[in-house]
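This report covers salt bridges, the sheet and the nonpolar cores.

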Amino acid sequence: KLRTEGFSETFLPGDPLVVELSAGSDIQGVEFDVKMHQFPDAESYIKVLSERVKFYAERYGIRKDYAVDTTGLEEVSNYHGELLHQGGDSWGPSYAVLPDNMQEGYYVVTISGNDQDGIPQFVQKLIQIRNLSVYTQSVNGDTLVWINDPSSGGALAGLTVTLTDSETGNKLEATTQDDGTARLLTGKTESAQLQILRDGKPTYV
């Protein structure tokens, strides 16, 4: 089955945009539909991330994948072609190459088609393109978040950092200091959603 490395990924403006894929069947020489839709805002993007967590929590053990409904979203890219492969190994990673002129924003990429045996394949990945560099480090329940401007390398102060526990919904909040760091006492949190807010509005997830 066609799979991505994680459900969401972040890129800086100007980064090469690619979706890395793996497959349990032969997909070399096969053409796929690769579509890219844009969310209107960060809130819509966050809503999908939250819905996916809830979907799997309610369907534990059921073999059904979450699918993002792209109805009403703006389609910004669409092509039909082969995926790129690394080396000559048909079982190695494959890559869907996306347009390199995409603006900052929030997107969902949908890749669909049939493998060599005619078996339908379908996979999606969320992508955010943001002009922020965010680094995190957690040690013994103490999490440090550092945010800077990738253009200048300078620290970004005054940004709100929130961390929401995926299981309990409990939220921690801190503000970046002059050195761009914020500290959160996360305790035994195993899975959480990180958000960066500027002027009260989400700007990074």
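## Salt bridges

Arg-3 is partly exposed, at 39% relative accessible area (buried means under 20%, exposed over 50%, partly exposed in between; 1.4 Å probe, protein chains only). The model is predicted: local features need pLDDT of at least 70, side-chain atom pairs count only at pLDDT 80 or more, and totals for chains, interfaces and linings use all residues. Residues are numbered from 1 along each chain as its sequence is written, and side-chain values use heavy atoms, with hydrogens and water left out.

Five salt bridges are counted (a side-chain nitrogen of Lys or Arg within 4 Å of a carboxyl oxygen of Asp or Glu). One joins Asp-65 to Arg-3, with the closest N and O atoms 3.5 Å apart. Asp-65 sits in the loop between helix 1 and strand 5, Arg-3 in strand 1 (residues 3-4), 62 residues apart. Helices (H or I, at least four residues) and strands (E, at least two) are DSSP runs, numbered from the N terminus. Asp-65 is partly exposed, at 30%. Lys-1, Arg-3 and Asp-65 form a linked salt-bridge network.

Glu-9 pairs with Lys-125 at 2.9 Å between the closest N and O atoms. Glu-9 lies in strand 2 and Lys-125 in strand 9, so the bridge ties together parts 116 residues apart in sequence. Glu-9 is partly exposed at 31%; Lys-125 is buried at 2%.

Five strands form an open sheet in the order 2-9-8-4-5, with mixed pairing (two strands pair if DSSP finds at least two bridges between them). Strand 2 (8-11) and strand 5 (74-82) are the edges, each pairing on one side only. Strands 4 and 5 run antiparallel over eight bridges. Phe-32 stands opposite Gly-81 in strand 5.

Helix 1 (residues 42-58) packs on the sheet and touches strands 2, 4, 8 and 9 (contact means heavy atoms within 4.5 Å). The helix direction makes about 135° with that of strand 9. Axes are lines fitted to C-alpha atoms, for helices over the stretch in contact; angles run from 0 to 180 degrees between N-to-C directions.

## Nonpolar cores

The largest nonpolar core has 20 residues (buried Ala, Val, Leu, Ile, Met, Phe, Trp, Tyr and Cys joined through side-chain atoms within 4.5 Å). Val-19, Leu-21, Leu-98, Val-109 and Ile-111 have the most contacts inside it. Strands 3 (18-22), 4 (31-39), 8 (105-114) and 9 (120-129) each give two or more residues. A second, separate core of 15 residues includes Phe-39, Ala-42, Val-108 and Leu-126.
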